[in-house]
Amino acid sequence: MSKTWKVIRIMLKMQYTSTGKNNYAWLYIVAGLFFIPFLGIIFTLYNNLISAIYNVFAPLQQQSMILGLLFIGMSIVLFITCIVSVLTAFYFADDVEAYIPFPLHPYQILLGKAASPFIYSYLLSGITYLPMMIIYGNISNGSILYYIYGILLFILLPVIPFVIASVILMFVMRYVNIAKNKDRSKIFAGVFSLTAIILINVVVRLNTDESKLMESISQTMQEQEGLLQWITYFYPPAWFSANSLHQAESINGFLFILLMIILSGLAIMLFAFLGQKLYLKGVLGMSGGSSGKMSDKALDRSIASQPIWQSYIKKDLRILLRTPTFLTQCVVQSLFMPVFLLVIFFLDFGSGIAGEITGSVLEKNVLLLLFIVTVFMVSINMTAATAISREGKTWKANLFLPLNHKQVIHSKLIVSWIIGLLPMILLFIIGIVIGLPITVLILWGGLFLAINWFSSCIGLILDMNQPKLNWTDEQELFKNRFVPFFGFLMQVVIFGLIIIILWNIEVSNVYLLAVILFAVISIGIFLAHRYMYKRINQNVFQEINF
């Protein structure tokens, strides 16, 4: 067992230990300051939502369904996110085969590789589960046992979804021949994890008979805590977890939490047992895929003379689109929100929603809502925040290319800006489908182009100040860094405050509002460019190290 813990510590240290010489602790301090108001906003939203639902269902003795929904929702989210993280960490990381010659059992390697995905799962659970558990306990006057059980369930929550995802992937990688198509497997897993929620949403909405659904709900509400059992029917661990909190003061709560501990322990044992039998057989023999032949015309086009900056942009775009992790994290993930909104509008509202929206909401407020959604979308885009880090160990080649340093940075900005245009196109289509005023759409389109460039500048500046070049797996750029999260917080908090001010002041002219927003963004772009021009020089490029 000591050897297993040593393997886990070594693997975590290799992934999370900073190897850079520069100290950027101030970035994390500033990020923490930005995180405080953001956490307050999230906590307020959770509190309002749970309070409203609790006040409706408490008189009916059905308030425990909130806990059931919480555990079911968290289990689904954790399972979907584990599909990508487990596949990448267990099979496609660059250091996987390096551990095979060591005197280690397969299950020990597997437990070591599982540590990083587990940490990511706990971060995700901490942002969502812990605030909701605390708020529900405060509203329901939960006892000290409630909070003790809640912390225990926080520790146990990722275990079963993680084991289910891992076992499925181990069987697939062992018996299905996808190892020879490593890149396609990565793309499939990434796209699957992001589209699964949309597909589930579509299937549920298309196959739901509202009359039968309401009849079923009314029948379950006749029984005490009937909704909880109805919601958690297909996933018993959620029922055990919810009951352990709901009945924390009784002996039943203790029995339910004990049952969850036993189930989680058995799941870990099953994980280790199957890992010992299947893991190495799925890892051995994996290759990077077959290489294709290039036609004469394609070869001539590839070696034709073209501007250097244009070649650099094409090179960056090819890396983004051909590297599965970069494709899913930077491109596909940015399209998730607009596609999800498109599905909701088509299935729930149809095309007649525009009259209701424009009839009850001022054009000014429509523009502000579109703008804050835009800020959220461009700030979560990882393209700029990993622009330099994506180069990895090849970054030093930029010191010798016949490119001005400003051209390198500007080329990366253009690439990030181009990728950011994709969600804008989808949102513009949604606006046309639901019939938003064309004036508002045109003004919003101009603001989108500007805020997209500003967000690209912020992401690139942060990545320039703290790059991560010595990575062994592309996932490390997205899960083991706080730089993209800091950029997201900074933009959402700053522009969120601006939106709140503009929402409450007496400015009803939509053109004047667009001019004010554009002026604010232009000032931000000017300051960002001025900072970049001071930073871009030979010494800075040499300081960007491993």
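Here is a short chat about a cavity and a helix pair in this predicted model.

Mentor: Ground rules: this is a predicted model, where local features need pLDDT of at least 70, side-chain atom pairs count only at pLDDT 80 or more, and totals for chains, interfaces and linings use all residues. Residues are numbered from 1 along each chain as its sequence is written, and side-chain values use heavy atoms, with hydrogens and water left out.

Trainee: What makes something a cavity here, and how many are there of 30 Å³ or more?

Mentor: On a 1 Å grid over the protein atoms alone, it's a set of points where a 1.4 Å probe fits but cannot get out. That rule gives 5 cavities of 30 Å³ or more.

Trainee: Which residues lie nearest the centre of the second largest cavity?

Mentor: Val378, Ser379, Asn381, Ala384 and Ser455, out of 17 lining residues; lining means an atom within 4 Å of a point. H18 gives the most, 5 residues.

Trainee: Why are H20 and H21 called roughly antiparallel?

Mentor: Their axes, lines fitted to C-alpha atoms over the stretch in contact, come within 12 Å and cross at roughly 155 degrees. Angles over 145 count as roughly antiparallel, so H20 is roughly antiparallel to H21.

Trainee: What meets what between H20 and H21?

Mentor: Phe495, Ile498, Ile499 and Leu502 of H20 meet Leu513, Ile516, Leu517, Val520 and Ile521 of H21, contact being heavy atoms within 4.5 Å.

Terms used. 1 Å grid on protein atoms, 1.4 Å probe; cavity = no way out; pocket = protein on both sides within 12 Å on 5 of 7 lines; lining within 4 Å. Points joined across faces, edges and corners; volume = space filled by probe spheres on them. Helix = DSSP H or I, 4+ residues; strand = E, 2+ residues; numbered from the N terminus. Axes fitted to C-alpha atoms, helices over the stretch in contact; angles between N-to-C directions. Parallel < 35°, antiparallel > 145°, perpendicular 65-115°, else oblique.
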